[in-house]
Amino acid sequence: GRDLSQTYNAVVNYSTTFLNKNNIELMAGSEFYDIYQKGLSASGSCAPTDDFMDLQLTVSDKDRRNIDSYHSRQRILSFFTRFNYNYDEKYLFQVTLRRDGYSSLINNRFGTFPGVSVGWNMHKEPFMASLSPIINKLKLKAGYGQNGNVSGISAYGLQGSYGTSKYNSAIGYQLSGLPFPDLLWERSASYEFGFEATLLNKLDLTVGTYQRKTSDKISSFNLPATSGYTSLTTNNGSVQNRGVEAEL
């Protein structure tokens with residue numbers, strides 16, 4: 001067996017300051033990931049001894065020897081960018097964008113996932129100066145973003161699969177797995193609001209509330225036994241969760 005994986009990355013960064021207090025950072029890049037697997041196997045049984053590791057010594061009767069080969073290839077191509085802006089390190093703004101393509105998908109290989117966030121360092125404002133011995137740091141923040149998931153999808157599972165079947169000593173082929181070429185990326189969209197604070201130069205406090213909704217959820221859909229198949233991988237339903245997180 002042989003597995004060969006390779007990754008290529010290219011990233012460009014740029015930053016500048018203008019009018020003394022306006023700061024900009026820009027990042028753009030791309031990543032390519034490729035994994036190729038192949039192998040060959042053979043086996044036999046009923047050799048007179050195990051002292052000699054040679055398949056030729058195994059019995060050549062029917063069903064006593066087996067040979068198999070396999071190959072698999074998966075690729076991921078990604079583009080991403082991030083833009084940061086802050087004014088005097090008080091007012092913060094960030095935008096991110098990713099576009100990912102996955103070879104195991106068929107008709108919808110590429111997905112685009114944006115994100116945006118804002119922040120306000122209130123402790124840098126003049127009206128907070130009198131509270132600085134108590135509130136050393138106070139940052140309000142909010143954000144929205146999407147990410148994608150295709151975990152659990154095999155290299156060729158969405159193309160359907162065939163298996164062999166024997167009847168009356170004749171071997172035939174039959175469809176053993178149903179194709180589903182229109183599978184979509186599973187998407188999770190998240191909203192978050194909160195604040196970070198440092199109090200009395202001793203306590204760090206973080207509080208946030210979030211809401212996350214996963215749509216086009218990838219799952220296995222059970223089929224009736226009369227169809228001749230057990231399940232089909234599809235986008236089935238959505239999941240939503242929300243909550244509050246606090247850390248002291």
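In which strand does Phe110 lie?

Analyst: Phe110 lies in strand 5, which covers residues 110–121. Strands here are DSSP runs of E with at least two residues, numbered from the N terminus. The model is predicted, so local features need pLDDT of at least 70, side-chain atom pairs count only at pLDDT 80 or more, and totals for chains, interfaces and linings use all residues. Residues are numbered from 1 along each chain as its sequence is written, and side-chain values use heavy atoms, with hydrogens and water left out.

Is Phe110 buried or partly exposed? Its relative accessibility is 39%, so Phe110 counts as partly exposed. The cut-offs are these: buried means under 20% relative accessible area, exposed means over 50%, and partly exposed is in between (1.4 Å probe, protein chains only).

Now the contacts, meaning heavy atoms within 4.5 Å. Leaving out residues up to four places away in sequence, Phe110 touches Leu77, Arg99, Asp100, Gly101 and Trp185. Gly177 makes another reference point: Phe110 and Gly177 are 67 residues apart in sequence and 24 Å apart in space, C-alpha to C-alpha.

Two of those contacts lead further. Take Asp100 first. Asp100 is buried, because its relative accessible area is 9%. Asp100 forms a salt bridge with Arg98, and the closest N and O atoms are 2.7 Å apart. A salt bridge is a side-chain nitrogen of Lys or Arg within 4 Å of a carboxyl oxygen of Asp or Glu. Arg98 is partly exposed, with a relative accessible area of 35%. By this rule the structure has seven salt bridges.

Trp185 is the other lead. Trp185 belongs to the largest nonpolar core, which has nine residues. Its other members include Tyr102, Leu105, Phe113 and Ile218. Such a core is a set of buried Ala, Val, Leu, Ile, Met, Phe, Trp, Tyr and Cys residues joined through side-chain atoms within 4.5 Å.

Glu186 lies in strand 9, residues 186–199. Glu186 is buried yet has no salt bridge. The nearest side chain of opposite charge is Lys217, 4.4 Å away. For charge, Lys and Arg count as positive and Asp and Glu as negative, while His and the chain ends are not counted. Lys217 is also one of the contacts of Glu186, along with others including Asn147, Thr214 and Ile218.

Elsewhere, other salt bridges join separate parts of the chain. Arg75 pairs with Asp34, with the closest N and O atoms 3.5 Å apart. Arg75 is in strand 3 (residues 65–87) and Asp34 in strand 2, so the pair ties together parts 41 residues apart in sequence. Asp34 is buried, with a relative accessible area of 2%, whereas Arg75 counts as partly exposed at 37%. Asp34, Arg73 and Arg75 are linked in a network of salt bridges.

Glu89 and Lys124 also meet in a salt bridge, at 3.9 Å from N to O. Glu89 sits in the loop between strand 3 and strand 4 (91–102), and Lys124 in the loop between strand 5 and strand 6. The two are 35 residues apart. Glu89 counts as partly exposed at 48% relative accessibility. Lys124 is partly exposed too, with a relative accessible area of 36%.

Technical notes:
Helix = DSSP H or I, 4+ residues; strand = E, 2+ residues; numbered from the N terminus.
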